Amino acid sequence: MLQTLKAQDTRKIRLIMHLRSQGVADTAVLAAMERVPREVFVPLAMQDQAYEDIALPIGRGQTISQPLVVAKMTMALELTYNDKILEIGTGSGYQASILAHLCRRVYSIERHKPLLIHAEKVFDHLKLRNITAIAGDGMKGWANQAPFDKIICTAAAFDKPPQELFDQMRIGGIMIVPVTDGDKQILKRYKKEGDDTFSVKDLMPVRFVPLLPNLAPASENADDDVLYPEI
Ligand code: SAH
């Protein structure tokens, strides 16, 4: 057990150094990524790859994002410790856990209930009390908790982000979202300048699973379930 822990610690330090070499210079983001053990979000069969800079399957046809992309999206949000954030696509819960160390409160929505159940178990295990997650359709946002200071969408919107998400952001707020345009996806940063006005900036090409409407039926990708480490 001690051996395994040490091996994962070494891998984690190597990953943090790699992120720095790739231009992640924000020390608060790097510190948050050092504090969050990625192995608890990764299926048992892929434990040895938990600290590789790659996306990995988490069941239900979904993935835990690549650490470099998590770092860049987190930096792009320009977080302050007072921010209230909405995340669309809880998935493994990894991105939400990083955010939880850098802001006041994270609200996260996932359309696959089994993924949400595992993510909530991990939040509890890591004692991350400032994350509230629900199963639902994040394309509709979370009207009861709006307005949000920042919104992060970790699934790719087709053509443009849903209007509800714009509406639920406060003026001055930032939304980071991958948008599918033809056969490619671009990570975009929207800044809400007024009630109906935005500035938009292309950040980088990315590869995300699609943003899909409605809560997923229990049968959707059910043959793709995975086993997680005991926590
Ligand atoms: N942030 C996650 C990445 C998960 S992949 C992590 O750190 O692991 C994107 C997730 O978005 C998938 O789990 C997918 O089921 C979810 N998703 C797609 N469309 C959605 C929607 N409309 N509402 C909520 N979740 C959605």
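Biologist: How far does a backbone N or O atom of Gln-95 lie from an oxygen atom of the ligand?
Modeller: The distance is 3.0 Å, a polar contact (a pair of N or O atoms within 3.5 Å). This is a predicted model, in which local features need pLDDT of at least 70 and side-chain atom pairs pLDDT 80 or more, while totals for chains, interfaces and linings use all residues. Residues are numbered from 1 along each chain as its sequence is written, and side-chain values use heavy atoms, without hydrogens and water.

Biologist: What about Glu-110 and Arg-111?
Modeller: An N or O atom in the side chain of Glu-110 is 2.6 Å from an oxygen atom of the ligand. For Arg-111, a backbone N or O atom lies 3.3 Å from a nitrogen atom of the ligand.

Biologist: And how much of the ligand does the protein bury?
Modeller: The protein buries 99% of the 580 Å² that the ligand exposes when taken alone (Shrake-Rupley areas, 1.4 Å probe).

Biologist: Which residues come nearest to the ligand?
Modeller: Ser-92, Glu-110, Asp-137, Gly-138 and Leu-212 come nearest, out of 28 residues around the ligand (a heavy atom within 4 Å).

Biologist: Changing topic, why is strand β6 largely enclosed?
Modeller: Six of the six residues of β6 (residues 148–153) are buried, so the rest of the structure largely encloses this strand. Buried means under 20% relative accessible area with a 1.4 Å probe, protein chains only; a strand is a DSSP run of E, at least two residues long, numbered from the N terminus.

Biologist: Which residue stands opposite Ile-151 in β6?
Modeller: Leu-86 does. Strand β3 (residues 84–88) runs parallel to β6 and is joined to it by four bridges; pairing requires at least two DSSP bridges.

Biologist: How many bridges link β6 and β8?
Modeller: Four, also in the parallel sense, with β8 covering residues 169–181. Phe-148 has Met-169 in β8 as its bridge partner.

Conventions: Buried < 20%, exposed > 50% of the residue type's maximum accessible area, 1.4 Å probe, protein only. Polar contact = N/O pair within 3.5 Å; in protein donor to acceptor, adjacent residues only side chain to side chain.
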